[in-house]
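My plan is to start with the whole chain and then go down to single residues.

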Amino acid sequence: MTATADQAAGTGADADAEEAAPFHALLKTFEGRPAATAGRGKDPVNQPMIRHWCEAMGDADPAYTGPDAIAPPTMLQAWTMGGLSGHGDRSSAYDELLALLDGAGCTSVVATDCEQEYLRPLRPGDTITYDAVIESVSPRKTTKLGTGHFVTTRMDVRADGELAGTHRFRILKYAPAAPREKKPAARRPRPVVNRDNQGFWDGVADHKLLIQRCTACATLRFPWLPGCNACASLDWDTVEASGAGTVFSYVVMHHPPFPAFTAHENPAAAGGPYAVALVELAEGARMVSNITGVPYDKVRIGMPVQLEFLRVDEDLELPVFRGSEG
């Protein structure tokens with residue numbers, strides 16, 4: 001008797017599952033084992049770090065300033081990070097687990113998500129300690145990146161010995177998928193233009209960078225909004241930006257590769273890394289845009305930049321900022 005194609009495919013999938021089961025059983029023996037023991041934050045909770053965080057996030061909540069200040073709850077992980085020099089408290093169990101996955105061909109890793117639970121506020125002066133455990137290792141999963149296992153660790157964060165919160169962090173350790181067939185050149189995503197921001201894009205078409213200004217309190221705002229976020233007035237006019245600015249903050253995008261974001265600089269870059277910056281305009285407003293004219297690894301906070309308009313394709317032009325290594 002001859003098996004049908006569907007039957008053959010099902011048999012192959014069953015065989016794959018049977019082959020993967022013993023390995024997953026081995027991985028599950030690591031669940032519950034420590035990932036870090038008696039860890040200690042390199043610094044106590046402190047006001048300068050809280051201030052830098054709030055400035056970067058644009059969070060002006062008065063709860064984070066003054067003599068009774070608390071730390072923003074979402075800073076929970078920040079107090080446990082080891083920086084470039086790292087921590088010496090990671091367990092051998094975690095390293096053994098990663099080595100097993102490496103040996104199975106899952107040599108690549110990507111962070112996927114985190115979950116946090118807050119039990120008490122953190123205040124300047126609190127000493128941070130923590131323990132972490134390997135909470136779960138998933139069965140083999142197939143994703144667009146490749147096939148591998150999700151590994152979740154749970155960190156219990158304590159302030160002066162009292163449990164302050166938990167932080168779950170999940171990674172995917174995977175074997176990269178085979179390269180797909182080359183697709184036609186990707187187009188830059190189209191901006192969403194609506195009645196609230198139509199004036200901005202009309203300005204771009206005229207090579208003008210227009211910033212909204214509240215006519216009631218003179219507050220500048222970007223991106224464009226229907227009302228003032230300072231006084232709630234619905235009345236506004238516009239100010240044309242001079243185009244001068246500085247890099248207030250930036251990130252370098254490594255993944256996913258997207259050639260449409262780099263082809264204007266170097267068609268051979270094939271979606272390689274590129275810099276995205278929060279630019280502080282000379283007028284005081286800030287906007288997110290690409291940095292052109294300098295390699296992505298030469299972008300620095302404080303770098304002067306100048307507005308230019310980039311023709312991305314036949315029907316899309318965007319405001320970007322050109323930096324100078326000098």
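Predicted model: local features only at pLDDT ≥ 70, side-chain atom pairs only at ≥ 80, totals over all residues.

**Whole chain.** I began with the surface: the chain exposes about 18,700 Å², and 55% of that comes from carbon and sulfur atoms. Next I looked up burial, and 35% of the 326 residues in the chain are buried. For secondary structure I wrote down four helices and 14 strands. I also checked contacts between residues at least 6 apart in sequence, and 65% of these join residues at least 24 apart.

I went to β7, β8 and β9 next. What is the order of the three strands in this open sheet? I read it as β8-β7-β9, with antiparallel pairing. Zooming in, I found two bridges joining β7 (residues 210-214) to β8. I looked up Q212 too, and its bridge partner in β8 is R221.

I followed the chain into the loop between β8 and β9, where P223 has its place. The peptide bond joining F222 and P223 is cis, with omega at about 5°. Further along I stopped at A232, which lies in the loop between β8 and β9 as well. Its phi is near 75°, a positive value in a residue other than glycine. Is A232 buried or exposed? I have it as exposed, at 57% relative accessibility.

**Another positive phi.** H207 sits in the loop between α4 and β7. I got a phi near 60° for H207, again positive in a residue other than glycine. H207 is partly exposed, with a relative accessible area of 43%.

**Aromatic rings.** I then went looking for ring pairs, and the count came to four. How do the rings of F200 and W201 sit against each other? Their centres are 5.0 Å apart and their planes are at 80°, so I logged the pair as edge-to-face. F200 and W201 are both buried, and for F200 I noted a relative accessible area of 7%. F200 also pairs with F222: the centres are 5.4 Å apart and the planes at 65°, so this pair is edge-to-face too. I checked where the two residues come from: F200 is in helix α4 (residues 198-205) and F222 is in the loop between β8 (220-221) and β9 (236-240), so the pair ties together parts 22 residues apart in sequence. Putting the ring pairs together, I get a cluster of F200, W201, F222, W224 and W236.

**Around V279.** For my last stop I picked V279, in strand β11 (residues 274-281). V279 is buried, and its relative accessible area is 0%. What does V279 contact, leaving aside neighbours within four places in sequence? My list has G245, T246, F248, A285, R286, M287, I291, V305 and F321. I also looked at P304, which is 25 residues from V279 along the chain, and their C-alpha atoms are separated by 9.3 Å. Two residues on the contact list, F248 and R286, turned up in another search: the charged end of R286 sits over the ring of F248, 3.6 Å from its centre.

Terms used. Residues numbered from 1 in each chain as written. Heavy atoms only, no water. Phe/Tyr/Trp six-rings, centres within 6.5 Å; stacked < 30°, edge-to-face > 60°. Buried < 20%, exposed > 50% of the residue type's maximum accessible area, 1.4 Å probe, protein only. Lys NZ or Arg CZ within 6 Å of the ring centre and 35° of its normal. Contact = heavy atoms within 4.5 Å. Areas by Shrake-Rupley, 256 points an atom, 1.4 Å probe, with all protein chains shown as cover. Pairing = 2+ DSSP bridges.
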